[in-house]
Amino acid sequence: MAIRALKLVSLAAAGSGFYLYSSKYLDPNDFGAVRVGRAIATTAVITYDYLTSLRSVPYGSQEYAYLKSQVHLRSAERLRDLCCANRGTFIKVGQHLGALDYLLPEEYTRTLKILHSQAPQSSMQEIEQVIREDLGKEIKELFVSFEDTPLGAASLAQVHKAVLQDGRTVAVKVQHPKVQAQSSKDILLMEILLLTVKQIFPDFEFMWLVDEAKKNLPLELDFLNEGRNAEKVAHMLKDFDFLKVPRIYWELSTRRVLLMEFVEGGQVNDRAYMERNSIDVNEISRNLGKLYSEMIFVNGFVHCDPHPGNVLVRKCPATGKAHIILLDHGLYQVLTEKFRLDYCRLWQSLIKADMKRVQKYSRRLGAGDLYPLFACMLTARSWDSVNRGIDRSPVTANEDVEIRTNAATYLPQINQLLNKVPRQMLLLLKTNDLLRGIESALHTRASASSFLNMSRCCIRAVSTYQRSKSHSLYRKAKISLLEALTLWQINLYELFLRLKGSRLGNWVIAFLSRMHHSPY
């Protein structure tokens with residue numbers, strides 16, 4: 001069976017390689033047989049490993065669990081090596097998988113996270129070529145200085161620090177020269193290989209990953225679209241004085257080159273940096289939650305790549321206030337009104353532990369009978385915690401291990417669910433996991449303030465929708481009054497929690513306790 005399956009993978013993949021090589025999709029100059037062959041070989045070896053390593057071991061035994069973990073790890077390492085070798089789109093997809101902490105086995109997410117720090121670098125000759133082709137001038141004509149070593153390199157581009165002729169310091173984002181040509185062919189190759197693997201493993205449901213790449217990569221490769229997103233989110237969240245979105249310099253920006261204001265800061269998960277610079281970790285975590293609650297629940301326009309390299313923090317030299325700097329605006333999810341409101345109501349139900357409404361809105365979002373799993377995926381909490389109320393108790397180490405173990409145990413069901421829910425949900429799940437990773441690094445995960453901020457935004461979003469659908473002034477006034485009252489109750493509860501956690505609050509509680517026990 002294993003040999004026959006391996007032959008099927010090899011023949012199908014080789015056929016796809018020949019098709020790619022001989023068709024209009026392939027330019028041999030930038031997508032040779034080695035690149036295709038590497039992907040085919042890796043897929044075949046991973047498939048063979050899963051088929052042969054577990055077949056003689058009793059399912060559900062300790063030995064089976066151990067061997068499965070080892071196969072996961074070997075396969076993840078092979079996939080990581082393939083991504084590093086093929087670069088570009090492969091690294092982008094690998095990074096996406098590495099961000100799904102609570103949806104995929106830990107062996108995969110832990111191994112693939114390395115791809116964020118192992119992105120390829122283009123040579124200075126390649127950077128000069130892209131700038132020359134897109135801006136029509138040499139680097140020395142445009143800039144007084146241009147640092148050869150990039151500030152950072154990602155799967156699709158890299159960023160250099162430079163100084164314009166007028167003295168402005170800028171960040172210059174330049175696309176890797178071959179990514180545009182390779183991306184569509186890479187996605188086609190992935191699609192053929194995944195379809196081949198699915199013939200052998202019917203429960204293997206990863207086509208959602210290819211669908212997402214098809215939709216999102218063209219947008220991420222258009223830097224003018226990224227600039228427009230940056231300006232839109234800066235205007236949308238202009239009332240948040242702690243947010244900094246670097247200004248775009250349109251006169252020197254193209255689809256492959258983006259010039260931005262240069263802003264320095266430490267990564268948002270660098271607790272030591274914040275402590276050195278007297279930045280309040282809890283304030284940063286709270287403000288990051290406010291930003292994303294506003295984007296998701298109120299505006300329906302969501303920055304979907306908040307990994308630590310894209311979210312910086314700094315103390316503003318002029319005011320001394322802590323700023324959050326939001327970078328890389330290529331990937332946004334636009335939520336439809338219906339989806340956004342159902343998502344609002346689902347989170348309200350989760351926070352209130354209203355299981356009937358959790359089931360109702362999970363089903364409306366496509367989860368069907370898998371709604372308990374869906375609730376656990378959204379919250380990264382156990383079903384017991386969801387039933388008790390996710391704001392009632394913090395995440396324990398044991399619960400975290402349980403969630404990660406279940407991600408491996410229920411992988412077929414998770415993939416089935418990811419194929420059923422609206423496409424809008426996929427990037428939100430990735431965003432949720434990235435934000436949880438930041439909270440875990442800062443030790444602020446599942447704090448009460450994050451749920452309170454979400455509640456505020458959900459209430460505002462639902463109330464705004466209800467007012468827009470009402471034609472009665474009395475009804476509108478009633479909705480506004482109820483909204484104001486509910487928000488006031490949340491503010492009062494938050495004040496109580498802050499007092500409870502402060503020295504003054506502890507002193508008052510101790511004083512009242514002594515008064516209560518006094519014989520007088």
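Student: Which residues lie nearest the centre of the largest cavity, and how many residues line it?

Tutor: A cavity is a set of points, on a 1 Å grid over the protein atoms alone, where a 1.4 Å probe fits but cannot get out, and a lining residue has an atom within 4 Å of a point. In this predicted model, 23 residues line the largest cavity, and Trp 347, Asn 432, Arg 436, Glu 439 and Met 454 lie nearest its centre. Two or more lining residues come from each of helices H12 (281-299), H13 (337-352), H15 (371-379), H19 (423-442) and H20 (448-469), with H12 giving the most, seven residues. Helices here are DSSP runs of H or I with at least four residues, strands are runs of E with at least two, and both are numbered from the N terminus.

Student: How should I read the numbering and the limits of the model?

Tutor: Residues are numbered from 1 along each chain as its sequence is written. Local features need pLDDT of at least 70 and side-chain atom pairs count only at pLDDT 80 or more, while totals for chains, interfaces and linings use all residues, and side-chain values use heavy atoms, with hydrogens and water left out.

Student: Are the residues of strand E10 buried or exposed?

Tutor: Buried means under 20% relative accessible area, exposed over 50%, and partly exposed in between, with a 1.4 Å probe and protein chains only. In a regular strand the side chains alternate between the two faces of the sheet. In E10 (residues 322-326), five of its five residues are buried, with Ala 322, Ile 324 and Leu 326 on one side and His 323 and Ile 325 on the other.

Student: Which strands pair with E10?

Tutor: Two strands pair if DSSP finds at least two bridges between them. Strand E5 (residues 243-244) pairs with E10 in the parallel sense over two bridges, and Lys 244 stands opposite Ile 325. Strand E9 (residues 311-315) pairs with E10 in the antiparallel sense over five bridges, where Val 313 has Ile 324 as its bridge partner.

Note on methods
On a 1 Å grid over the protein atoms alone, a cavity is a set of points where a 1.4 Å probe fits but cannot get out, and a pocket is an open set with protein on both sides within 12 Å along at least five of seven lines; lining residues have an atom within 4 Å of a point.
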